[in-house]
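Please look over the sequence and the structure shown below before reading on.

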Amino acid sequence: MIRTFRQHKVRKQEELSQKLWQFAPLQGEHAGKERQVFVPGCWENLPEFVSYRGEGRYSTTFSAGGNVRLEMKGVSHTAKVFVDGELVASHYNAYTAFTVLQKLEAGEHRLEIVADNRFGEASALHVPNDYMSYGGVTRPVVLEEVPNVYIKQVHVTPKKEEALWKAEVEILVANCGEQEETFVLKSRLAGKEVGWDEVTLEAGKESKFCQTLWYEEGEVDEWMVNDPHLYEIESVLFVNGELVDDLIDRMGFREVSVADGKILLNQKAIRIKGFCRHEDHPQFGCALPYAAIVADLQLIRDLGGNSIRTSHYPNDEIFLDLCDEMGLLVWEENHARGLSEEQMRNPNFERQAEEVIQEMIPLHYNHPCIYIWGILNECASETEYGKECYEKQYAKILSLDTSRPRSSASCKFKTDLCFGYPEVVSYNIYPQWYHDAPVDEYLSDLYRWVQEETEGAGKPFLITEIGAGAIYGYRNPNHDKWTEEYQAETLEKQIQAVMQQKGCQGMYIWQFCDVRISREWFSTRPRTMNNKGIVDEYRRPKLVYETVKRLYSALPDFL
Ligand code: ADA
């Protein structure tokens, strides 16, 4: 499934995934032996490849011709794409989409995607880590046929001015043909239209078209947490009077701002009752199907949650579509977890991390659920070199989106140097788990330090991780660590303390469900899993489930 709504009525679009492809590993004892696998998927879900690190070749055929645009929504973690045997694209990072546009003769063509999940210097972001870097074509593959001049992207920025809503519409049109093209462009949103008559675009060029639509009070319904209203923006392009291309996207009228140390959604201070969530499932790896994503979101809602942090990478667009529809707020972040200064000095780090931002923001720009962009979870924000990297990445975000605040989940207790850059200060803390300090004392000490000694003073403050581990089904009379009792008692204290901390706008529990981790991390992770889930990997609730549900449900969505 590509999106939860239809994106084209005119342009030919076809999903090449949601079916069996041929698969062959390229190394190891099964090298070169083809078998059928379902795409999207991870090869770790095939018993013989549970821990295979190497390359895997996926192949299928498609029928198309003309300007053929292929979009790979996610290949983990390095991809090479071949059409009819010719290399047409290379890409790094599992969690962002990439496209290739080619002129092909009408007829049947062969598509091969070689995925590679090996670690090494070439990969700065995917390293052995406290989550699993799977292998495979893990998100949909989409085929489109576009005319020479086509609509490449539509961005809508909603802004409120007094009682009026305005929508700034920006349409990117590309000419992939060999001649200049003249066209008419129109876009319709919530009953109003913008248009451009007889514009000309040179061959091989792209151009942006911008206009603003205004809405009187009552003409549109706002998008709010747990009360989402979505609008389709339908853009169409005519050449010589003929409708040749279209693009439908969705938006919501909501504005995120920061004032007086608070994050505001449509001028109201939100209270974050969140969960960090990895894309992970014992049967599907990181390639969760639509119904499994819905099931996760329903559990989060049942738990009284109103927000999800896509720790630690951009998520599948289906997930974002569903959050838009269900009124759940999303903290979306680029891909990085716990990188040391040495790892950040990998010659590929800066380019790869910035590419993730470049690929994430324009594609996810219209989702009203995303209220903040995050970067560099728990990286070296306490060092001068790290600080330079944070500064550059924050600047990169600002160059792509000025309508959302930025933040970074830090674990550098009273040593972080980077709070001058973002609009929101965020900390991951584990009192009562990795150390025994009382939660309220530890947190108020940290908060005081941020206010008195850092450039984060006066900015909104969030706890982006807090939690404790429990092995599903393990209980004992001592309520020792790893028991369900210990986890439930600890979360009770943690949630109470965070929600009562003055100046703190809410929290994300680490984490929604237990997840598989890289085997190199086995020694502090029983079962080679991160066991801090509120539900286990099969989504079976632990004792703590009812605790979280009771505490979260009692708190309103706004402060
Ligand atoms: C960190 C990190 C998470 C996870 C967590 C834990 O704060 O951001 O990815 O590793 O700790 O379980 O210790």
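## A buried arginine

A residue counts as buried when its relative accessible area is under 20%, and as exposed when that area is over 50%. The model described here is predicted.

Arg-525 has a relative accessibility of 7% and therefore counts as buried. Its place in the chain is the loop that runs between strands β30 (515–516) and β31 (529–530). Setting aside residues up to four places away in sequence, Arg-525 touches Asp-130, Tyr-434, Ile-517, Asn-530, Asn-531 and Lys-532.

## Overall form

The chain contains eight helices and 31 strands. Its C-alpha trace spans about 75 × 65 × 45 Å along the principal axes. For 559 residues, a compact globule would have a radius of gyration near 24 Å; the chain has 24 Å, and so agrees with that expectation.

Of the 559 residues in the chain, 60% count as buried. Among contacts between residues at least 6 apart in sequence, 71% join residues at least 24 apart.

## Surface and charge

The accessible surface of the chain amounts to about 21000 Å², and carbon and sulfur atoms account for 47% of it.

Charged side chains number 61 positive and 88 negative. The centres of these two sets lie 3 Å apart.

## Nonpolar cores

The largest nonpolar core comprises 98 residues. Within this core, the residues with the most contacts are Met-344, Tyr-371, Phe-461 and Ile-463. Apart from this core lies another, of 28 residues, which includes Val-83, Ala-89, Leu-104 and Ala-115.

Ile-463 illustrates the contacts made by a member of the largest core. When residues up to four places away in sequence are not counted, Ile-463 touches Tyr-427, Ile-429, Leu-443, Val-498, Cys-504, Gly-506, Met-507 and Tyr-508.

Phe-98 lies in strand β8, which covers residues 98–116. With a relative accessibility of 7%, Phe-98 counts as buried.

Leaving aside neighbours within four places in sequence, Phe-98 is in contact with Leu-70, Glu-71, Met-72, Val-75, Ala-79, Val-81, Ala-89 and His-91. One of these, Ala-89, is also listed among the residues of the 28-residue core. Leu-189 is 91 residues from Phe-98 along the chain, and the C-alpha atoms of the two are separated by 27 Å.

Conventions: Residues are numbered from 1 along each chain as its sequence is written. This is a predicted model: local features need pLDDT of at least 70, side-chain atom pairs count only at pLDDT 80 or more; totals for chains, interfaces and linings use all residues. Side-chain values use heavy atoms; hydrogens and water are left out. A nonpolar core is a set of buried Ala, Val, Leu, Ile, Met, Phe, Trp, Tyr and Cys residues joined through side-chain atoms within 4.5 Å. Buried means under 20% relative accessible area, exposed over 50%, partly exposed in between (1.4 Å probe, protein chains only). Contact means heavy atoms within 4.5 Å. Helices (H or I, at least four residues) and strands (E, at least two) are DSSP runs, numbered from the N terminus. The radius of gyration is taken over C-alpha atoms; the globule rule is 2.2 Å times the number of residues to the power 0.38. Accessible areas come from the Shrake-Rupley method with a 1.4 Å probe; for residues, only the protein chains shown count as cover. Lys and Arg count as positive and Asp and Glu as negative; His and the chain ends are not counted. The place of a charge is taken as NZ of Lys, CZ of Arg, CG of Asp or CD of Glu.
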